[in-house]
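The exercises below are to be worked through with the sequence and the three-dimensional model side by side. Each task is followed by a solution that goes step by step.

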Amino acid sequence: MRVTFTVNGREECADDVWEGESLLYVLRERVGLPGSKNACEQGECGSCTVYLDGTPVCACLVAAGQAEGRQVRTVEGLADGDRLDPVQEAFVESGAVQCGFCTPGLIVQTHDLLARVDQPSDAEIREALAGNLCRCTGYEKILDAVRLAASRKAATR
């Protein structure tokens with residue numbers, strides 16, 4: 001089957017997609033956007049989180065055909081050309097990026113959190129990121145990155 005959808009503002013078309021193929025596979029292997037990571041393939045780790053019509057989803061759990069005619073935004077689509085999104089910058093500056101496998105999903109989920117809550121409490125941050133697993137950082141640097149991104153967002157208002 002053919003799947004046509006908009007990814008990061010650009011129309012994409014994938015041909016010969018089989019019924020069980022995931023959106024994650026199409027994004028990584030057919031569209032050439034490797035930012036979203038393939039870790040558990042069961043929606044347990046959050047490393048493949050993308051926006052689907054503005055809602056964060058685990059791309060490994062979405063059948064590619066479900067994206068037909070819809071809007072997808074990946075971690076690559078958060079940047080504005082060569083300029084990183086403030087959440088991406090905060091993760092780099094805070095040392096929240098280690099092996100980098102969980103980072104794309106955490107960044108998308110943080111981006112969504114800060115779009116909804118200007119100054120989230122630590123409890124709100126932990127709840128928003130509960131579906132994203134990290135094996136390297138111990139999470140404190142991730143919390144620092146979210147706090148930094150939130151403070152910068154507040155300062156620009």
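**Exercise 1.** How many of the 14 residues of α3 are buried?

The structure is a predicted model, in which local features need pLDDT of at least 70 and side-chain atom pairs count only at pLDDT 80 or more, whereas totals for chains, interfaces and linings use all residues. Residues are numbered from 1 along each chain as its sequence is written, and side-chain values use heavy atoms, with hydrogens and water left out.

Solution. Begin with the term: buried means under 20% relative accessible area, exposed over 50%, and partly exposed in between, with a 1.4 Å probe and protein chains only. Helices are DSSP runs of H or I with at least four residues, strands are runs of E with at least two, and both are numbered from the N terminus. Twelve of the 14 residues of α3 are buried, so this helix is largely enclosed by the rest of the structure; among them are Pro104, Leu106, His111 and Leu114. Next, look for the partners, where contact means heavy atoms within 4.5 Å: the buried residues of α3 pack against β3, β4, β5, α2, α4 and α5.

**Exercise 2.** Which residues have the most contacts inside the largest nonpolar core?

Solution. A nonpolar core is a set of buried Ala, Val, Leu, Ile, Met, Phe, Trp, Tyr and Cys residues joined through side-chain atoms within 4.5 Å. The largest such core has 24 residues, and Phe91 and Ile142 are those with the most contacts inside it. Helices α2, α3, α4 and α5 each supply at least two residues of this core, and α5 gives the most, with six residues. Leaving aside residues up to four places away in sequence, Ile142 touches Phe91, Ala96, Leu106, Leu129, Cys134 and Thr137. A second, separate core of 21 residues includes Leu27, Cys60, Val62 and Ala64.

**Exercise 3.** Is Val7 buried or exposed, and which residues does Val7 touch?

Solution. Val7 belongs to strand β1 (residues 3-7) and is buried, with a relative accessible area of 3%. Not counting residues up to four places away in sequence, Val7 touches Glu12, Leu27, Leu33, Val72 and Thr74. Val7 and Glu76, 69 residues apart in sequence, are 9.8 Å apart in space, C-alpha to C-alpha.
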